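The structure is shown below.

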Number of protein chains: 2
Amino acid sequence: MQAEIITIGDEILIGQIIDSNSAFISKALNEIGVAVYQITSVQDNREHILQALEEANSRSSVVIITGGLGPTKDDITKKTLCQFLDDELVSDKAVWDHIQELFKKHIKTPISDLNKEQAMVPSRATVLHNAYGTAPGMWMKKGNTAFISLPGVPYEMKNLMNDLVLPKIVEEFDRPHIVHRTVLTYGMGESALAEKLEDWENNLPSHIKLAYLPNFSRVRLRLSSTGKDKQALEDDIASEIKKLYQYIGDIIYGEEEDGEIEMQIGNMLAQKNLTLATAESFTGGSIAQAVTSVPGASQYFKGGVVCYATEVKINMLDVPAELIEKHSVVSEEVAIAMAENVKSKLGSDFGIATTGNAGPTKGDSDADVGTVYIGISTPNGTYAQKFSMGRSRERVVRKSVNKAFELLYKEILNF
Amino acid sequence: MQAEIITIGDEILIGQIIDSNSAFISKALNEIGVAVYQITSVQDNREHILQALEEANSRSSVVIITGGLGPTKDDITKKTLCQFLDDELVSDKAVWDHIQELFKKHIKTPISDLNKEQAMVPSRATVLHNAYGTAPGMWMKKGNTAFISLPGVPYEMKNLMNDLVLPKIVEEFDRPHIVHRTVLTYGMGESALAEKLEDWENNLPSHIKLAYLPNFSRVRLRLSSTGKDKQALEDDIASEIKKLYQYIGDIIYGEEEDGEIEMQIGNMLAQKNLTLATAESFTGGSIAQAVTSVPGASQYFKGGVVCYATEVKINMLDVPAELIEKHSVVSEEVAIAMAENVKSKLGSDFGIATTGNAGPTKGDSDADVGTVYIGISTPNGTYAQKFSMGRSRERVVRKSVNKAFELLYKEILNF
């Protein structure tokens, strides 16, 4: 059994918006065992929509259509659905009452004819009540295929999916189980990892699929297994993941449901009642920003100093001017002093420090673009490591932030 | 003339990643006068890829294919392209040399057979040099249609598009002119803006289209005009933008090519030889991060203090404990003290400060979630303003960062 997604609207095709709806829908469908065969983004155009509907109908049992339902969209989508289904539009009393209520409560302008038309639905459609907007969801059938039309506004679409569409698919269709688990690794590139895992990968059972998902020096490994016996699928994947730990246990930092590394660091710090402070030069606040993006960070994050200018390292972090003079501002010694001093000045248990050159030109030191030092101070001592992070400014920063978290993660784990 | 985009890979179809590549490509193509007819996301599967290629070939002059080129992808994409084009894979010496160089310089592990295969390209393909990765771009022809295969890594894809693909499309295809100009506004929501601009919008010439692009309390207004006479198109849009200034000149902060507001602030500071420092509580380094994302920021950005914990405000920024005691940590008085003190301690001309509660729960103060104060210190004085930024943590932070830059922008502009 497979599904397709059709998104209708020019916004996606002119690059005005990123299609995050399809990612949400795909993920939700996969979780209930429905594979998505194709996602197609088409224009607000009758012929084009018809063609996409017909192609999807020939392949899939469930077709989810988003967009093309707003009050200014001229109803092309609904009219085209009627043509496709050999049906006609009728006014739905429940939808019309709901529109009137929304206007009375929240919108407070008179209802226009365009809004009135939002109550029109194909006569044989099952209306899916959209509590958060004026455009209803609609569930329609052609042969054995379900066509489900949803508004494009993300939170309206998401609520309709969760509350009505997914339960109805589960009820009406027999589906295999799909079990996914995603292992998070760091510090090794995609091809080196693939080589290291070659034996293991070649011996995976045929119903388990592996995908490498790389992102700035971290690779996520996703295992997916499809079949009828959910428990057996889970057991099979668990046993493969156990083997995986034997190959690369030292570079695994968890699984997807554990959350990103900054979240895991936060959980460990909170559990162990420990605190963190940051001293950032070229990363410019990116580490602090990532740390504080986790709700509840105030429990373990004291704060930090963004010491972009050399004088700020001296004045705010008490890094000795002679140390900078002697070793240069991009050096192991300065990274160590920054990490130690931010820890003691802010009264935290751990300190992270970054100093380096992200480019595009050389800064206050002679260091090559891409040369960075990351310092880690723990209650047991302080060290700094040197890295070459390439030449792109954005990548140098993002890879260094990732690397800093990886070093810190290991320290806290072993503390 | 129209184009299509085909994305290859299961990651999008299982909802693991959001397809931001297609939005980038669509936008870039539209800017050079090439409309995107359809975006199709297909599986890593030979039959499926072939079918998508054939359908695109029957409709469009340019087909851009992303993904399916990584070293672990089993070469399905390239083999399928060969089948489609009736061609065969050959090893490309320049690509092979480049792979060897990348490994020697940056990767430092031995080259695997998988990497070696990345040097294989269809014999009649024009290789597009990928300076940032091992998978080359490829430009192929079937009849009059160009098929352009690009790696799915966003950074590599974007560089190939900008440096090689777009110029080659411009050179090889006749296109109508599309002139876009995008005006940047702040401080007014989409519907209030639409109401204010109703008259102007209704009187726009029919060949000029207007789009509202909202993003966290800022709305960009994009005017697009398509036709044969480029100069006439430019003149028409310029005349409409002149009128636009009469309606909302007070909330326009520039046009898209001027860059985002933090870039404009940076340019103004550099030109006027002025400097900036930041004191951030709940924004946790987001302002410093945005400031330092602009290349050359070291010219005008001294640094900042991320004073997440109340004690850091006292110890690192000398905010008097009595002031916090008396007015609460989320108050006008504390925001003013933070902005003034970071300015004087870091020796900058301007200081920005944020204190507030981003949620999800109340912090060190009684302030409601979403209550924030932004302080601005200039050489002429200091003030702070209170805002209610809603209840979503991420939105509170992003809207506050935007607002802080808007306040600062006005101060520097008028200085």
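The briefing that follows treats the interface, the relation between the chains, the salt bridges and the backbone geometry.

This is a predicted model. Chain B and chain A bury about 5400 Å² between them, and the copies meet through the same surface, because 83% of the interface residues of chain B are also interface residues in chain A.

**Extent and composition of the interface**

- Chain B contributes 69 residues to the contact, and chain A contributes 66 residues.
- Carbon and sulfur atoms give 55% of the area of about 5400 Å² that is buried between chain B and chain A.
- Gln16(B), Tyr308(B) and Met316(B) account for 11% of the area that chain B buries against chain A, more than any other three residues.

**Polar and charged pairs across the interface**

- Between chain B and chain A, 25 residue pairs are in polar contact, with both residues at pLDDT 80 or more.
- Strand β2 (residues 35–42) of chain B provides seven residues, the largest share of the side of chain B that touches chain A.
- On that side of chain B there are 32 nonpolar, 25 polar and twelve charged residues.
- Two salt bridges cross the interface of chain B and chain A.
- A salt bridge joins the side chains of Glu311(B) and Lys302(A), with an N to O distance of 2.7 Å.
- Side chains of opposite charge can pair when their charged atoms come close.

**Strand pairing between the chains**

- Strand β14 (residues 301–306) of chain A and strand β14 (residues 301–306) of chain B run antiparallel and are joined by three bridges.
- Within this pairing, Val306(A) stands opposite Gly304(B), a residue of β14(B).

**Relation of the two copies**

- Two copies of a chain are related by a rotation about an axis and a shift along it.

**Salt bridges over all chains**

- Over all chains, the count comes to 26 salt bridges.
- Asp87(A) and Arg124(A) form a salt bridge in which the closest N and O atoms are 3.9 Å apart.
- This pair links distant parts of chain A, 37 residues apart: Asp87(A) belongs to the loop between α4 (76–85) and β4 (89–91), and Arg124(A) to the loop between β5 (120–122) and β6 (126–128).

**Backbone geometry**

- Most residues other than glycine have a negative phi, and most peptide bonds are trans.
- Asp86(A) is not a glycine, yet has a positive phi of about 55 degrees; Asp86(A) is located in the loop between α4 and β4 of chain A.
- In chain A, the peptide bond between Gly359(A) and Pro360(A) is cis, with omega about 10 degrees, and Pro360(A) lies in the loop between β15 (350–356) and β16 (371–378).
- In chain B, a cis peptide bond leads from Gly359(B) to Pro360(B), with omega near 5 degrees, and Pro360(B) is found in the loop between β15 (350–356) and β16 (371–378).

Conventions
Residues numbered from 1 in each chain as written. Chains lettered and ligands numbered in written order. Predicted model: local features only at pLDDT ≥ 70, side-chain atom pairs only at ≥ 80, totals over all residues. Heavy atoms only, no water. Contact = heavy atoms within 4.5 Å. Buried area = accessible area lost by both parts, 1.4 Å probe. Salt bridge = Lys/Arg side-chain N within 4 Å of Asp/Glu carboxyl O. Polar contact = N/O pair within 3.5 Å; in protein donor to acceptor, adjacent residues only side chain to side chain. Helix = DSSP H or I, 4+ residues; strand = E, 2+ residues; numbered from the N terminus. Nonpolar A, V, L, I, M, F, W, Y, C, P; charged D, E, K, R; others polar. Pairing = 2+ DSSP bridges.
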